Amino acid sequence: MTFPAMPPAVLQFFRASQEGDADTWAKTFAEDGVFHDPIGTSPITGRTAIRDFIASVLPNFQPFLGLTPMEAHTIGNHVAVSWRGAAVALDGKPVNWSGINIYELDDTGLIREAKAYFNSAVFQAQLAD
């Protein structure tokens, strides 16, 4: 699948998710970046904390297929991306979810803040069935 056009850090955010690479994924954020995953939960602040969060999630899936961007809209240093996520839980259950991420980039092009909008109850219900 061809990804929609996006600024480099946002493009790398999605590629790293599909590669299951927590280090590269976290490096798309500024050192003091903030990640709301999803919005409404406590924000994860700082590249190291973001990396640790991602690294704690990935081992729960085999494989974690990542997030695939469907559409992207960029205005200045703000980017909105609709996406679909897929993974397979360790017990073999498929997990599919979708959402929209809103990114604010800093002056160097890294992600200052990412807000993920998706229904975590739908995600969790697939793991519980």
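Okay, let's start with I102: this residue is partly exposed, at a relative accessible area of 32%. By that I mean it sits between buried, which is under 20% relative accessible area, and exposed, which is over 50%, using a 1.4 Å probe and protein chains only. I102 is in strand 5, residues 94-105; helices here are DSSP runs of H or I with at least four residues, strands are runs of E with at least two, and both are numbered from the N terminus.

Quick housekeeping. This is a predicted model, so local features need pLDDT of at least 70 and side-chain atom pairs count only at pLDDT 80 or more, while totals for chains, interfaces and linings use all residues. Residues are numbered from 1 along each chain as its sequence is written, and side-chain values use heavy atoms, with hydrogens and water left out.

Y117 touches I39, S98, G99, I100, N101 and I102, leaving aside residues up to four places away in sequence; contact here means heavy atoms within 4.5 Å.

As a reminder, most peptide bonds are trans.

Now let's go inside. Which residues have the most contacts within the largest nonpolar core? Those are F13, F14, W97 and Y103, in a core of 34 residues. A core, for us, is a set of buried Ala, Val, Leu, Ile, Met, Phe, Trp, Tyr and Cys residues joined through side-chain atoms within 4.5 Å. Elements giving two or more residues to this core include helix 1, helix 2 (22-26), strand 1 (29-36), helix 3 (47-57), strand 3 (61-75) and strand 4 (78-89). Helix 1 gives the most, with 6 residues. If you click on F13, you'll find that it touches W25, T28, F29, F35, L67, N101, Y103 and I111, again not counting residues up to four places away in sequence.

On to the rings. The structure holds 15 aromatic pairs. Why is F14 with Y103 called edge-to-face? Their ring centres are 6.3 Å apart and the planes are at 75°, so the pair gets that label. The rule is that rings of Phe, Tyr and Trp (its six-membered ring) pair if their centres lie within 6.5 Å; planes under 30 degrees apart are stacked, over 60 edge-to-face, and the rest tilted. This pair links distant parts of the chain, with F14 in helix 1 (residues 8-19) and Y103 in strand 5, 89 residues apart. F14 counts as buried, at 0% relative accessibility, and Y103 is buried at 0% as well.

Last topic, charges. How many salt bridges does the structure hold? There are 5, where a salt bridge is a side-chain nitrogen of Lys or Arg within 4 Å of a carboxyl oxygen of Asp or Glu. One of them joins D23 and R51, at 2.6 Å from N to O. D23 is in helix 2 and R51 in helix 3, so this pair ties together parts 28 residues apart in sequence. R51 also meets D52 in a salt bridge, at 3.8 Å from N to O, and D23, R51 and D52 are linked in a network. D23 is partly exposed at 39%, R51 at 30% and D52 at 43%.

Then there's R112 with E104, whose closest N and O atoms are 2.9 Å apart. R112 counts as partly exposed at 34% relative accessibility, and E104 is partly exposed at 21%.
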